Amino acid sequence: MKIEVKVPQLSESVSEATLLTWHKQVGEAVSEGQNLIDIETDKVVLELPAIKSGVLSQILKQNGDKVGSGEVIAMLDTDAAPTAAATKTSSAQAVAGSAAAVMPAAQKLAAEKGVDTANISGTGRGGRVTKEDVLNAGDKAPPVAGIPKPELGGRIEQRVPMTRIRQRIAERLLQSQQNAAILTTFNEVNMQPVMELRAKYKDQFEKKHGVKLGFSSFFVKAAVMALQKFPVVNASIDGNDIIYHGYFDIGVAIGSERGLVVPIVRDADKLSLADIEKQIADFAARAKDGKLTMDELTGGTFSITNGGVFGSMLSTPIINPPQSAILGIHATKDRPVAENGQVVIRPMNYLALSYDHRIIDGREAVQFLVAIKEALEFPGRVMLDL
């Protein structure tokens, strides 16, 4: 029996996707549940598993083709036997191993550097070549045939198409800048109380909950407490209406090989520090392999981005529409500060709140950021929900 292989249903906000890499060729045997192809949307990379065992009898759409929801891209024959040529090629690929799938960001970087990914051993999930693999290969990898390897001081140019997610990031950032009256306010927070609390309980916390106690959960909880005090920061604009959200879905920006992704911690006000840490750790792990779902990347009422993990000292983050505000946190560094008339050294972090001035007044934005500062400098309030 012949079965149509179709593109899965995409979310309403995604009109089309791009076929990345076929993992099977015509005539090759396929097991039920085995991934046939990777499909990239502007949010995630999806795997398309076979719904039945059989032989891939026909490929209708090739790598790089644009496809839509429900479009037929191949045919699977459940009664056919694999061809000898396909079986031989499959065996050779299994031995070769190094010719594994290449993640989109790795493909882009390899093209820029003129590196042949076929000579790189992938360390990603399923042996996939990651951006880090390409970076680590560096000058050790031979150049791609026909593409000159860039040299220091040279004037070589290479044109590489944006990935779908990079196109989407560019589109949304431009939309945010054009459609919102963005203003940023700053404050500083003494992170010593949080650091002392974390140092005191981190071993017990990890032993009990099976996850490390980081700083992310404190920032999420502090943000929720401030949002509860200033609901307009958790609101959004729809035409001439302001929509006040009675829930707290916090987007946490995570840098991945494919670009910046912002998975959503749903109902963060109802979660414990351990629950939040587990969700963020899970998001980070799956973002690396492009395994986040579209639902996990959709929605959100407020976002947090942490440039500090890359060493940023200060920034003005851009709002993620249709949200009305975003919190930027940065690297914590020892700095001299005045306390009770004396200069002391404290681990300080600069906070930045970018907000849509159309609905959030400066007074509310400043007070909101002060509320986050107070929650972090007195973390007992976060722990006890005071």
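Predicted model: local features only at pLDDT ≥ 70, side-chain atom pairs only at ≥ 80, totals over all residues.
Two strands count as paired here if DSSP finds at least two bridges between them. Strand β16 (residues 302-306) and β17 run parallel and are joined by four bridges; Thr-305 has Gly-328 as its bridge partner in β17. β17 also pairs with strand β19 (residues 342-356), this time in the antiparallel sense and over five bridges. In that pairing, Ala-325 stands opposite Tyr-355 of β19.

As for cover, β17 (residues 325-329) has five of its five residues buried. In a regular strand, side chains alternate between the two faces of the sheet. Here Ala-325, Leu-327 and Ile-329 point one way, while Ile-326 and Gly-328 point the other way, and all are buried.

Strand β4 (residues 35-40) runs antiparallel to β5, and five bridges join them; Asn-35 stands opposite Pro-49 of β5.

Now for the packing. In soluble globular proteins, nonpolar side chains tend to be buried together. The largest nonpolar core in this model holds 77 residues, and the members that touch the most others are Trp-22, Ile-73, Val-233, Phe-302 and Phe-368. Helix α6 (residues 216-229) supplies the largest share of this core, nine residues. Take Ile-73 as a close-up: leaving aside neighbours within four places in sequence, its contacts include Val-5, Val-7, Leu-19, Trp-22, Ile-37 and Leu-48. Ile-59, Leu-60, Lys-61 and Val-67 are in contact with Ile-73 too. Another core lies apart from the largest one; it has nine residues, among them Ala-106, Val-115, Ile-120 and Ala-137.

Helix α6 turns up again in a helix pair. α6 packs against helix α7 (residues 273-288) at an angle of about 120°, and their axes are 9 Å apart. The crossing of α6 past α7 is right-handed. On the α6 side, the residues that meet α7 are Ser-216, Ser-217, Phe-218, Val-220 and Lys-221. Their counterparts in α7 are Leu-273, Ile-276, Glu-277 and Ile-280. Sorted by class, this contact has five nonpolar, two polar and two charged residues.

Definitions and conventions: Residues numbered from 1 in each chain as written. Heavy atoms only, no water. Buried < 20%, exposed > 50% of the residue type's maximum accessible area, 1.4 Å probe, protein only. Helix = DSSP H or I, 4+ residues; strand = E, 2+ residues; numbered from the N terminus. Core = buried A, V, L, I, M, F, W, Y, C linked by side-chain atoms within 4.5 Å. Contact = heavy atoms within 4.5 Å. Axes fitted to C-alpha atoms, helices over the stretch in contact; angles between N-to-C directions. Left-handed = near helix turned anticlockwise from the far one by under 90°. Nonpolar A, V, L, I, M, F, W, Y, C, P; charged D, E, K, R; others polar.
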